[in-house]
Amino acid sequence: MSYQLYRNTTLGHTLQESLDELIQYGQITPQLASRVLLLFDKSINMTLATRVRSRLTFKAGKLNTYRFCDNVWTFMLNDVEFREVQEITKIDKVKIVACDGKNVGDEGSSKK
Amino acid sequence: MDQMLPSPGFSIPSIGTPLHQPEEDQMILPNALQQQQQQPTTSQSQVPPLAPMGGLTPTLGLGMGMSMPHTKYVPGFALPITSIQSQTPQHTMMSPMVNLGGSSGAAATPSMGPATPSPLTPMTPHSADPNIVPQLQNIVSTVNLSCKLDLKKIALHARNAEYNPKRFAAVIMRIREPRTTALIFSSGKMVCTGAKSEDDSRLAARKYARIIQKLGFPAKFLDFKIQNMVGSCDVKFPIRLEGLVLTHSSFSSYEPELFPGLIYRMVKPRIVLLIFVSGKVVLTGAKIRQEIYEAFDNIYPILKSFKKQ
């Protein structure tokens with residue numbers, strides 16, 4: 001079972017909205033939409049782990065809060081600077097939700 | 001609060017003695033001087049002699065017959081005091097103490113003299129260095145919130161909390177002021193660590209209890225107790241640890257291949273000291289601040305005799 005973490009992204013939200021629209025028009029069943037989302041979870045996890053190569057670093061002025069529950073870390077940072085090879089972006093407030101990366105490697109290799 | 005038995009040589013930090021504020025880490029002698037100086041001023045202001053309160057010291061026995069109907073029973077603390085004019089210097093705010101023996105209440109207390117009225121001041125041995133005072137570095141305390149807690153709910157709703165039940169069965173929460181860490185268990189018991197003073201530890205524990213309360217649990221604040229106090233200081237000269245372990249073999253253990261410090265287990269007070277070649281000393285195992293000071297006062301002459309020349 002892959003993390004459903006990535007459903008809460010721009011890509012994930014647009015997919016969910018499109019699926020909801022199709023369900024509204026009666027063109028697909030909710031069950032099919034659910035299967036699509038599960039497949040999305042598997043794909044995005046695998047793709048990010050294997051096909052993405054870019055590296056981003058960040059430095060925050062302040063760690064406002066942190067939380068660790070159900071093996072999920074949630075951080076609220078203030079005054080953050082994201083840096084990617086000479087390109088920097090400054091953000092005032094950043095929320096980071098992070099899941100354990102240990103399992104992700106198995107997902108790609110396991111056969112259905 | 002239960003009455004304190006007269007116990008010489010112990011301060012009572014756990015009841016929130018007002019004097020234990022930032023000045024508390026200053027020398028003991030001036031502190032006693034300060035207390036001495038406070039006594040004459042406060043004694044002047046008390047015109048009607050108050051009835052003695054519970055927890056009397058032997059010397060206050062005189063006052064027993066003096067209870068007057070109109071005086072109020074002040075539930076305060078009586079510290080054993082050598083002279084008749086008794087004052088609890090630290091509790092002048094809370095319970096203006098009895099001024100016994102004086103039918104006119106404003107009996108001045110000039111007879112305090114050099115014999116310090118407060119037994120809090122240890123009789124410092126001659127070779128003690130009055131300039132070095134161990135600084136408190138860490139205080140561990142426990143308190144019972146006396147209500148069952150839903151740790152997952154706490155971890156989800158409180159800020160700065162960690163909960164990993166597979167590794168440890170408690171929520172680890174931190175606050176910034178006073179900078180402390182708390183371990184909160186589902187039974188309602190809590191451990192608070194990292195404070196630099198007794199009051200900070202109590203305040204921090206109260207803040208954690210408040211957070212738990214705000215999350216909807218009926219948290220109380222029972223049995224707050226300081227379990228351990230750690231202090232450190234520097235004697236400013238190198239020490240011959242080998243010599244020390246030879247002469248004080250029954251108290252010391254020194255294994256440089258295991259740990260570079262000598263572990264000195266003092267019997268009275270029961271404090272463990274880590275003594276390093278550099279002259280730095282760590283004192284731990286105290287339940288009250290006075291034990292740290294006393295232990296350092298005891299070890300200082302010994303360390304001086306093992307100074308590296």
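A salt bridge is a side-chain nitrogen of Lys or Arg within 4 Å of a carboxyl oxygen of Asp or Glu. In this predicted model, 1 salt bridge is found by that rule across the interface of chain A and chain B. The pair consists of A:Asp70 and B:Lys152, whose closest N and O atoms lie 3.5 Å apart; the pair counts because this distance is within the 4 Å limit. Between chain A and chain B, 11 residue pairs are in polar contact.

On the side of chain A that touches chain B, strand E1 (residues 57–69) of chain A gives the most, with 8 residues. The residues of this side comprise 5 nonpolar, 3 polar and 3 charged. The contact as a whole involves 11 residues from chain A and 14 residues from chain B. About 1100 Å² is buried between the two chains, and 44% of this lies on carbon and sulfur atoms. In chain A, the most area is lost to chain B by A:Tyr66, A:Arg67 and A:Phe68, which together make up 51% of what that side buries.

Strand pairing also links the chains. E1(A) runs parallel to strand E2 (residues 161–163) of chain B and is joined to E2(B) by 2 bridges. In this pairing, A:Arg67 is opposite B:Ala161.

Within chain B, strand E10 (residues 280–286) is joined by 6 bridges to strand E6 (residues 222–234), in an antiparallel arrangement. Here B:Leu283 is opposite B:Gly231. E10(B) is also antiparallel to strand E9 (residues 271–275) of chain B, with 4 bridges between them, and B:Val282 is the bridge partner of B:Leu274. The hairpin of E9(B) and E10(B) has 4 residues between the strands, and B:Gly279 takes a positive phi near 105° there.

Key. Residues numbered from 1 in each chain as written. Chains lettered and ligands numbered in written order. Predicted model: local features only at pLDDT ≥ 70, side-chain atom pairs only at ≥ 80, totals over all residues. Heavy atoms only, no water. Pairing = 2+ DSSP bridges. Contact = heavy atoms within 4.5 Å. Buried area = accessible area lost by both parts, 1.4 Å probe. Polar contact = N/O pair within 3.5 Å; in protein donor to acceptor, adjacent residues only side chain to side chain. Nonpolar A, V, L, I, M, F, W, Y, C, P; charged D, E, K, R; others polar.
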